[in-house]
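The sequence and the model come first, followed by the description.

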Amino acid sequence: MADRGEVLDHAARFRDVRKRAREALRTRRMTLEELFDQASTDATLGASKVASLMWVIPGVGKVKTLACLQDLGVEETVRIADLSHNHRKALLELARGRLIVVSGPSGVGKGTVIRELAKHTSFHLSVSATTRQMRPGEVDGRDYFFLSETEFNEWIDEDRLLEWAEYAGNLYGTPREAVEQHLRAGRDVVLEIEVQGARQVKTAMPEALLVFILPPSIEELEQRLKGRGDTTNVAERLATARKELEEVPFFDFTVVNDDVERAAGELRSILRVLPKFRMQ
Ligand code: ADP
Ligand code: 5GP
């Protein structure tokens, strides 16, 4: 028989493993799929109750977790190791990642705000395909998939793009497969795309959250475009920006990018309320 010390050690380790798993799930550093994978080799995790781990995941919550277990005819106290393949599939579907579309005029600071957001929030940033020329410092496959027009049209024909649009004389599109893979794995996905593409995403996936980043003023937008130094056709981009601003009412939220940290903080708060948003 184990002595009292061993039992206490075991209990402390159990609490510690569960605490770390909850924290990783809460901050979305670990997906539910990864938790299930780890639980198959870690007996402590396997013996943990799935409900109290799952309901900390942003966008999931206690109400939906318990309702799902009830629908599956499973006890609230079920342990991860006792879940069947079908139970796991249903729970993974519930914990699907959220699709967040960040849009707004070129030069408004979408990329800058998203980089700031990434310092404190975990998500997959979709890598778009484009026919535009590579800018200095950009890397194929990291910043964009740089395609010829023929290749881009093949991707359209093969239905490999979730959305696509022409912008300032070039084609831009979101590769579908990577987005779906990450959402299925329970990871949030951010798309940084222009307005026509955002509208297409909302039509294809109405559960997507659409955020429009606004400049403090048109004059400031012009300064930012010029200040970037690597952007061609500034006048055309400004004319497009004026048209894009007319689309603001179509978006779920607007964030003014007056200050990068403030704007990223506001975006983070919006993501914190998203669970409620999805329940409507
Ligand atoms: P987008 O991705 O929308 O095209 P970028 O993120 O490339 O825009 O930003 C355009 C330029 O504006 C960059 O030079 C960036 O450093 C600058 N910028 C972004 N946000 C701000 C801000 N809040 N205040 C001042 N300059 C900013
Ligand atoms: P840039 O040439 O400055 O990198 O991008 C020009 C515009 O295209 C930006 O507004 C950017 O958000 C948008 N964009 C980038 N990728 C995509 C995409 O996959 N789809 C759509 N619709 N727009 C994109």
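## Terms and basis

Helices (H or I, at least four residues) and strands (E, at least two) are DSSP runs, numbered from the N terminus. Contact means heavy atoms within 4.5 Å. Axes are lines fitted to C-alpha atoms, for helices over the stretch in contact, and angles run from 0 to 180 degrees between N-to-C directions.

This is a predicted model, in which local features need pLDDT of at least 70 and side-chain atom pairs count only at pLDDT 80 or more, while totals for chains, interfaces and linings use all residues. Residues are numbered from 1 along each chain as its sequence is written, chains are lettered from A and ligands numbered from 1 in the order in which they are written, and side-chain values use heavy atoms, with hydrogens and water left out.

## The parallel sheet

Helix 10 (residues 195-204) lies across strand 1, strand 7 and strand 8, and runs at about 160° to strand 1. These strands belong to an open sheet of 5 strands with parallel pairing, in the order 2-7-1-8-9; two strands pair if DSSP finds at least two bridges between them. At its edges are strand 2 (124-125) and strand 9 (253-256), each of which pairs on one side only.

Strand 2 is joined to strand 7 (residues 189-192) by 2 bridges in the parallel sense. His124 has Val189 of strand 7 as its bridge partner. Helix 7 (residues 110-118) also packs on this sheet, where it touches strand 1 (99-103), strand 2, strand 7 and strand 8 (209-214). The direction of helix 7 makes about 160° with that of strand 7.

A second open sheet has 4 strands in the order 4-3-6-5, with mixed pairing. Strand 4 (144-146) and strand 5 (161-167) stand at the edges with a single partner strand each, so one side of each has no neighbour in the sheet. From one strand to the next, the twist averages 25°.

Strand 5 and strand 6 (residues 170-175) run antiparallel and are joined by 6 bridges. Glu166 has Leu171 in strand 6 as its bridge partner. Helix 9 (residues 176-184) packs on the sheet and touches strand 5 and strand 6, with its direction at about 30° to that of strand 6.

## Domains and their interface

The protein chain is divided into domain 1 (4-94) and domain 2 (99-278), with bounds that come from an automatic or database domain assignment. Their C-alpha centres lie 34 Å apart. Domain 1 gives 10 residues to the contact and domain 2 gives 8 residues.

About 750 Å² is buried between domain 1 and domain 2, and carbon and sulfur atoms give 40% of that area. Buried area is the accessible area (1.4 Å probe) that two parts lose on being put together, summed over both. On the domain 1 side, Arg28, Thr31 and Gly59 lose the most area to domain 2, together 58% of what that side buries.

## Salt bridges

A salt bridge is a side-chain nitrogen of Lys or Arg within 4 Å of a carboxyl oxygen of Asp or Glu. The rule finds 2 salt bridges across the interface of domain 1 and domain 2. Arg28 and Asp188 meet through their side chains in a salt bridge (3.2 Å, N to O).

The whole structure has 18 salt bridges. One of them joins the side chains of Arg13 and Asp42 (3.7 Å, N to O). Arg13 lies in helix 1 (residues 4-26) and Asp42 in the loop between helix 2 and helix 3 (43-46), so this pair ties together parts that are 29 residues apart in sequence.
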